[in-house]
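Subject: Structure handover and notes

Hello,

Here is the structure I said I would pass on. Please keep it open while you read the notes below.

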Amino acid sequence: MRKGKYRVFAIILVSLIIIAMVGSGFALFFGGSGIQVPNQNSATNSVNTAAGYQAKKARLADLAARAKKDPSNVALQKDLGDEYYDAGSEAETAAPSESAENYKQAVAAYQNVLKVNKDPNVMVDMATSAFKSGQNALAEKTYQEALSIKPDFVNGLVNYGIFLAYAENDLSGAIVQWQKAEKAAPAGTVKDQIAAMISQAQSQLKGSNATSSGISNPNPALNKGTSTPAPTGK
C-alpha cells in the first residue's frame with residue numbers, strides 16, 4: 001500500500017451493507033484522515049469524478065507501459081496495482097463498465113509483487129480486487145493466507161468479513177471476523193465503527209427476515225455466484 005494509506009473499499013462496502021440491513025438514511029465513509037460524509041452535490045461530484053477518472057486512465061497507460069518494460073521491478077508493479085485498484089474504485093461511479101477490468105488488472109499486478117514478497121497488505125488489496133472483479137475463490141484463498149500471516153490485521157479482518165457477508169451470505173462468519181477486528185483495533189473511530197457493524201449485523205441475524213431476505217447486494221457491478229460481473233451497461 002502507499003505509505004500511510006490503506007485501500008478503504010472494505011469499510012465503505014460495510015457501510016452500504018448496513019444500510020441494506022437497517023434502513024439507515026446515510027453512510028459514513030472512512031478516508032485516510034477519518035470519517036467523511038459523502039458529498040451531497042451529486043451532479044458536481046459526478047463531473048469531478050469523471051474528469052479525475054479520465055486523468056487517472058492517462059497516468060495508468062504510461063505506468064502500465066513502463067511496468068511492461070520492467071516486469072521484475074516490484075515497486076513499479078506495486079504502484080501499478082495500486083493505481084488499477086484506485087481506478088476500479090473510481091470507475092464504479094465514473095465508468096461502471098470498466099470497473100471490473102481495472103480490478104482484474106490490479107490483481108495481475110499484485111500477483112507479480114507477491115511472487116517476490118508475501119506482504120499481507122498487498123494480499124488484502126489483491127483479495128479485495130479479486131472480490132470486486134468476481135474472482136471469489138481467489139479472494140477467499142488470499143484473505144485467508146494474509147490472515148494466517150498476520151492474524152490481527154484489522155483491515156484484512158474487516159475485508160474478509162465483508163467477503164463472507166456478501167459473497168458467501170455468511171453473516172455469522174462475518175461477525176466472527178469483525179469481532180476479531182474490533183479486538184485488534186486501537187481505541188478510536190474505527191473501533192467504534194466496527195462495534196456498530198457487529199451490533200447491527202447481530203440485530204439482522206435475530207430479525208424475522210434474517211433467513212428469508214439475506215443480505216442485499218450493495219454493488220451492482222458484482223453478480224453473486226458467477227465469476228464475472230453482472231451487466232452494468234456494457
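An axis here is a line fitted to C-alpha atoms, for helices over the stretch in contact, and angles run from 0 to 180 degrees between N-to-C directions. Two packed helices are described by the angle between their axes and the distance between the axes. Helices (H or I, at least four residues) and strands (E, at least two) are DSSP runs, numbered from the N terminus.

This is a predicted model, in which local features need pLDDT of at least 70 and side-chain atom pairs count only at pLDDT 80 or more, while totals for chains, interfaces and linings use all residues. Residues are numbered from 1 along each chain as its sequence is written, and side-chain values use heavy atoms, with hydrogens and water left out.

Overall layout

The protein chain has 10 helices and two strands. Read from the N terminus, the order of elements is α-β-β-α-α-α-α-α-α-α-α-α. Of its 234 residues, 43% count as buried. Buried means under 20% relative accessible area, exposed means over 50%, and partly exposed lies in between (1.4 Å probe, protein chains only). Contact means heavy atoms within 4.5 Å. Among contacts between residues at least 6 apart in sequence, 56% join residues at least 24 apart.

The core

A nonpolar core is a set of buried Ala, Val, Leu, Ile, Met, Phe, Trp, Tyr and Cys residues joined through side-chain atoms within 4.5 Å. The largest one in this model has 50 residues, and those with the most contacts inside it are Leu80, Phe131, Tyr143, Val158, Phe163, Trp178 and Ile194. Helices that each supply at least two residues of this core include α2 (42-69), α3 (74-94), α6 (136-149), α7 (154-167) and α9 (189-206). The most comes from α7, with 10 residues.

Tyr143 is one of the core residues named above. Leaving out residues up to four places away in sequence, Tyr143 touches Val124, Ala127, Thr128, Phe131, Asn159, Tyr160 and Phe163.

α6 against α7

These two helices pack at an angle of about 150°, with their axes 10 Å apart. That makes α6 roughly antiparallel to α7. For such labels, angles under 35 degrees count as roughly parallel, over 145 as roughly antiparallel, 65 to 115 as roughly perpendicular and the rest as oblique. The crossing of α6 and α7 is left-handed. A crossing is left-handed if the near helix is turned anticlockwise from the far one by less than a right angle, and right-handed if clockwise.

On the α6 side the contact is made by Asn136, Ala139, Glu140, Tyr143, Gln144 and Leu147, and on the α7 side by Gly156, Leu157, Asn159, Tyr160, Phe163, Leu164 and Ala167. By class, the residues of this contact are eight nonpolar, four polar and one charged. In this count Ala, Val, Leu, Ile, Met, Phe, Trp, Tyr, Cys and Pro are nonpolar, Asp, Glu, Lys and Arg are charged, and the others, Gly among them, are polar.

Thr142 also lies in α6. Thr142 is buried, at 4% relative accessibility. Apart from neighbours within four places in sequence, Thr142 is in contact with Met123, Met126 and Ala127.

α7 against α8

The axes of α7 and α8 come within 8 Å and cross at roughly 170°. The two helices are therefore roughly antiparallel to each other, and α7 passes α8 in a left-handed crossing. Residues that meet here include Val154, Leu157 and Val158 in α7, and Leu171, Gly173 and Trp178 in α8. The contact has 12 nonpolar, three polar and one charged residues.

Asn169 sits in the loop between α7 and α8. Its phi is near 55°, a positive value in a residue other than glycine. Asn169 is partly exposed, with a relative accessible area of 38%.

Ile175 is found in α8 and is buried, with a relative accessible area of 6%. Not counting residues up to four places away in sequence, Ile175 touches Ile198, Ala201, Gln202 and Leu205.

Lys191 is in α9 and counts as partly exposed at 23% relative accessibility. The C-alpha atoms of Lys191 and Trp178 are separated by 9.9 Å, and the two residues are 13 apart along the chain. With residues up to four places away left out, Lys191 touches Glu182, Lys183, Ala185 and Pro186.

Regards
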